[in-house]
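Here are my notes on the model you sent.

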Amino acid sequence: MAKRGEVSNQYIDYNVDFRNIQYPRLEFKTGNLFLVLPKNFQDDKTVIKKHEKWIYQKNSQIIDALRKSKGKKLDMTRSKEELNELIKSLIDLYSEELNVNINKVYIKQMKTKWGSCSSKKNLTINSLLKYLPKDIIKYVIFHEMAHIFERKHNDRFWNHINQKFKDYKSKERELFVYWFLVQKIISSSHH
Ligand SMILES: [Zn+2]
């Protein structure tokens with residue numbers, strides 16, 4: 001359900017979904033505010049008000065990323081096959097470096113993330129990475145494989161990442177910016 005609210009004198013559009021949960025939950029996964037509410041919960045305006053500061057900060061980050069995305073270009077030359085080969089060679093390389101074995105690799109278009117790693121050591125990689133620079137693709141593959149050692153994004157995880165990618169913070173920021181650029185491709189290909 002699409003709605004509109006007000007945060008620090010700015011309008012914000014959000015979607016509401018009702019689920020079998022006890023407490024309201026707010027998410028900003030893909031650049032859009034999403035409210036997950038317990039069934040029969042009516043007062044979403046109060047939830048918005050309560051988390052006004054957090055929503056405002058997240059929204060500002062998104063506006064900033066959108067602005068930065070205008071100065072970036074996507075790589076339109078890499079084919080699907082080239083991406084697949086690149087991903088497989090990187091997985092081979094990092095498997096040796098990290099001394100791990102990946103079970104299965106799935107490369108498909110994902111709507112909410114660049115990649116994921118299951119507890120069964122299966123990697124799922126977003127095929128939209130084909131539009132991104134090689135150094136960013138390297139980072140995503142390494143990041144997902146590092147989740148074999150640590151599921152959560154905690155200090156232990158980032159310490160691990162930092163051993164190979166000292167600039168991981170800027171890589172994460174770039175990925176956030178690229179997310180918005182890639183969304184434009186998806187939306188234009190559907191119209
Ligand atoms: Zn992660």
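1. The model is a predicted one. Four strands make up an open sheet in the order S1-S2-S4-S3, and their pairing is mixed. At its edges are strand S1 (2–7) and strand S3 (25–27), each of which pairs on one side only. From one strand to the next the twist averages 35°.

2. Within this sheet, S2 and S4 run parallel and are joined by six bridges. Arg-25 stands opposite Val-36 in S4, and Glu-27 has Phe-34 of S4 as its bridge partner.

3. The hairpin of S3 and S4 has five residues between the strands. Which residue there takes a positive phi? Gly-31 does, with a value near 90°.

4. Helix H2 (residues 52–69) lies across S1, strand S2 (10–19) and S4. The direction of H2 is at about 100° to S1.

5. The axes of H2 and H6 cross at roughly 70° and come within 8 Å. Angles of 65 to 115 degrees count as roughly perpendicular, and H2 and H6 are therefore described as roughly perpendicular to each other. On the H2 side the contact is made by Ala-65, Leu-66, Lys-68 and Ser-69, and on the H6 side by Phe-176, Val-177, Phe-180 and Leu-181. Six of the residues in this contact are nonpolar, one is polar and one is charged.

6. There is also an open sheet of three strands, in the order S5-S7-S6, again with mixed pairing. Strand S5 (105–108) and S6 are the edge strands; each has a single partner strand, so one side of each has no neighbour in the sheet. The twist in this sheet averages 10° from one strand to the next. S5 and S7 are paired in the parallel sense over four bridges, and Val-105 stands opposite Leu-123 in S7. H4 packs on this sheet and touches S6 and S7, its direction making about 25° with that of S6.

7. Helix H4 (residues 134–146) can be checked for length. Its 13 residues, at 1.5 Å a residue, should span 18 Å, and the end C-alpha atoms are 18 Å apart, which agrees.

8. What does H4 pack against? Its buried residues pack against helix H3 (80–98), strand S6 (115–117), strand S7 (123–126), helix H5 (155–162) and helix H6 (168–189). The buried residues of H4 are Ile-137, Tyr-139, Val-140, Ile-141, Phe-142, His-143, Glu-144, Met-145 and Ala-146. Charged Glu-144 is on that list.

9. The C-alpha atoms of Lys-138 and Val-105 are separated by 15 Å, with the two residues 33 apart along the chain.

10. Some totals for the whole chain follow. The chain has six helices and seven strands. From the N terminus on, these elements run β-β-β-β-α-α-α-β-β-β-α-α-α. Taken along the principal axes, the C-alpha atoms fill a box of roughly 50 × 35 × 30 Å. Of the 191 residues in the chain, 15% are buried. Among contacts between residues at least 6 apart in sequence, 45% join residues at least 24 apart.

Note on methods:
Residues are numbered from 1 along each chain as its sequence is written. This is a predicted model: local features need pLDDT of at least 70, side-chain atom pairs count only at pLDDT 80 or more; totals for chains, interfaces and linings use all residues. Helices (H or I, at least four residues) and strands (E, at least two) are DSSP runs, numbered from the N terminus. The expected span of a helix is 1.5 Å times one less than its number of residues. A residue is buried if 20 or more other C-beta atoms lie within 10 Å of its own, exposed if 12 or fewer, and partly exposed in between; C-beta atoms are placed from the backbone. Two residues are in contact if their C-beta atoms, placed from the backbone, lie within 7 Å. Two strands pair if DSSP finds at least two bridges between them. Axes are lines fitted to C-alpha atoms, for helices over the stretch in contact, and angles run from 0 to 180 degrees between N-to-C directions. Angles under 35 degrees count as roughly parallel, over 145 as roughly antiparallel, 65 to 115 as roughly perpendicular and the rest as oblique.
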